[in-house]
Amino acid sequence: MPLPPPPRRKGDRVQADATVRRSATPAAAAPEPTTPPTTSAPTLATSAPGPSASPAPAPRRTRRAAVAPTDTVNAAAPARPAAPAPDSAPAGAAEGQPAAPMVAPRDEQPRATTGRTPRPNGGPRKLFVLDTNVLMHDPICLFRFEEHDIYLPMVVLEELDNNKKGMSEVARNARQASRTLDALAATVRGDIRNGVPLTALGHREATGTLLFQTEVFHHPLPDGIAQGKADNQILVVVQALKQRHPERDVVLVSKDINMRIKARALGLAAEDYENDKTIDDVELLYTGMLALPTDFWARQGKKVESWQQGGHTFYRISGPVVQQMLLNQFVYHEAPGEPPLYARVVELRGKTAVLRTLKDYTHLKNAVWGVTARNREQNFALNLLMDPDIDFVTLAGTAGTGKTLMALAAGLTQVLDERRYTEIIMTRATVSVGEDIGFLPGTEEEKMGPWMGALDDNLEFLAKGGQNPAGEWGRAATQDLIRSRVKIKSMNFMRGRTFLNKYVIIDEAQNLTPKQMKTLITRAGPGTKLVCMGNLAQIDTPYLTEGSSGLTYVVDRFKGWPHGGHVTLARGERSRLADFASEVL
C-alpha cells in the first residue's frame, strides 16, 4: 500500500500527531504534546484524516515487540539522538519527497551487548585484567574485587599450567588457582563467552563476572616490543578491551613493576594488587604501646581505684583514653618530677580499664638467664615472654634491638629452670640475602646450620653469662646442656606437625607470607608458646612488602587478643656502630 504524502501545514502535522497519540496505548503515549515518545518505537508521520489515509499503529506495535530489548542490553549505552520536534518538518518534506518508511534508525534500535548494568552510584563496573603473578601470589584473588568484573587472557592460563609443577609456594598457589577456575567453569550451563558469575562458589562478596578470552585480538603494539612475549600478549588484550569497551575502565592488575610501567607507557591503566596488604603505611602498624598524656593523673583525680594483688598494683581508670586501649597493650606515663608508671592493660569493660604494673626486668635481681632489659621496650618484651598466660608474642624492630637474645634467654629460663616447657624449637625462613650457595649436605639441622648464625652467636653469649662462673669446663657443660634442649627445624617439614609444651621461636618472620605464617602458628598444641620476630626493613622475599608481610599480618590480626601481645622495639643495644648504621644507612 503506498504511503500517504507528508503534511504541508503545521496544523495538519499537529492534528496527525494527536491522531497517533489517541490510537496508541496509554503506556506508549507521551506525557507532553511537544515531547516525542521516549520508547524506541519510531515516530510515524501521517497526513490529515481522509478517505485514502490509513493509520498503521498496529504494525508499529508489532515491530516494537519484535525488537524488544533482552536482559543483556547495555544500560550504559550512549544516549540516542533526539527525534525532531513536532513543529519542525521532516528532512524531505520541504522538497516534496515522501516520508521515511516505518523503520527505526539503526542507532535507535536496542542493541544486545555484553556490558554489565551500571552501579547505582553511577558509572559502569570496572573490568580488571589479571596478570599471572597475581593468581600465583593470592590464589583466591578472584573473589577480592567485589562488584567488578575480571578478565583472564588465555596466556595467563598457559602460564599457570607451566608453573603448577613442584613443591614451592608458587607451584601450590598455581595449582589452587587452577582448581578454583575449574570449579567456576564447571558451573556454566550456557555459553561461557557470556561469563561466569563469581558467586557460583558461595563467595557472596564477589558479585562480578569472570570472563575468559575466547577470541584472538589482532592489535599491533609499537615497534620494538616483542609480539610473542607473554607480558606483551596481555598488553595486547588490555588495549583491545579498552577500545571495545570505551565506556568502562579497563585496568591491568599485576605484581610486576616493569609490566605496570610498560602498560602506563602505552596509555593503559595499571595497578598493583594491594588487597593482601594489611596496612598502607608501616608507620600505622600497631606498636603494642600507648603513651599516657602528661596530665593523666590530674584528669583521673579521685576516680582511680587501686589495690595490691600478687606483687602487682592494679589501677581501674576511666575517661576518653580508655577508648584507645587494647588488651595486653602496654601503657606508660613519664613526667618530670613524678614517678614513672609502666603497666599493661589486663581488662577492658565498657568505659573502664584495669592496668597492672609490670615486673622490673631492668634490675639485676630479675635478670633472665643473666640478661636484663636496657630500655623501656625491652622491659615490655620480657614481661610478655615470661608470662605463662601469653601464648603468642610478636617482636618487631631494627637490627640490634635484642629480639633473638631476649627470646632465647626467656626460653632457656622457662625450659631449664622453671621446667614450664620441654624444649626450644627454632626455625626461620631460608631466604638468601644474595646469591644462593646451593646444595647443603648433612642432616636437617646441619642443613639449617648456615641459617642459624644468630642462634649460635646468642647461645655463645648466654653460655658465657653470669649463670655459670665455673670456668671453662663449666661453660662447656652448660653449652652442651643448652644445645641438647634447642632443636633447629626447617619450615619445609612443618605441615601436619603438632608441638606439645614447646617454646617455638620463628626468626626472620618478615620474609614469610600470611599463608606460611598461618601454617606455622596452627602447629601449636596445648602448653606451647610461640614467638615471632622480624625486622620489616629487611624483607628479601620477592613480591612481599612491609604492608603484605606475614609478620605485619599477624600483628594486626592478634592485637587485642587476651593471650597475645606485641612490642615494637625502637632502640638498638648491640653497639654504637650498629645503632649509627641503622640510622644513617
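**Close-up 1. K559 and D556 joined by a salt bridge.** In this predicted model, the side chains of K559 and D556 come together in a salt bridge, with 3.4 Å from N to O. K559 is partly exposed, since its relative accessible area is 38%. D556 is also classed as partly exposed, because its value is 21%, and the cut-off for a buried residue is under 20%.

**Close-up 2. D295 and R299 in a salt bridge.** Here we visit another charged pair: D295 and R299 meet through their side chains, at 2.9 Å from N to O. How exposed are the two partners, D295 and R299? With a relative accessible area of 31%, D295 is partly exposed. R299 is exposed, with 59%, because the exposed class begins over 50%.

Close-up 3. The closest N and O atoms of R316 and E347 are 3.8 Å apart, and the two residues form a salt bridge.

**Close-up 4. A salt-bridge network around R316 and E347.** Which residues are linked with R316 and E347 in a network of salt bridges? Take a step back from the pair and you will find E305 and R349 as the other members of this network. For the structure as a whole, the count comes to 18 salt bridges.

Close-up 5. Where does E546 sit? Look in the loop between β17 (529-534) and α15 (550-558). E546 is partly exposed, because its relative accessibility is 32%, and patch members need over 30%.

**Close-up 6. A nonpolar patch with F580, V584 and L585.** Our last stop is a nonpolar patch on the surface, formed by F580, V584 and L585. Together these three residues have about 380 Å² of accessible area. F580 is part of helix α16, which covers residues 576-584. Is F580 buried or exposed? At 53% relative accessibility, F580 counts as exposed.

Methods:
Residues are numbered from 1 along each chain as its sequence is written. This is a predicted model: local features need pLDDT of at least 70, side-chain atom pairs count only at pLDDT 80 or more; totals for chains, interfaces and linings use all residues. Side-chain values use heavy atoms; hydrogens and water are left out. Helices (H or I, at least four residues) and strands (E, at least two) are DSSP runs, numbered from the N terminus. Buried means under 20% relative accessible area, exposed over 50%, partly exposed in between (1.4 Å probe, protein chains only). Patches are made of residues with over 30% relative accessible area and no salt bridge: like charges are joined within 9 Å, nonpolar side chains (Val, Leu, Ile, Met, Phe, Trp, Tyr) within 5 Å. Accessible areas come from the Shrake-Rupley method with a 1.4 Å probe; for residues, only the protein chains shown count as cover. A salt bridge is a side-chain nitrogen of Lys or Arg within 4 Å of a carboxyl oxygen of Asp or Glu.
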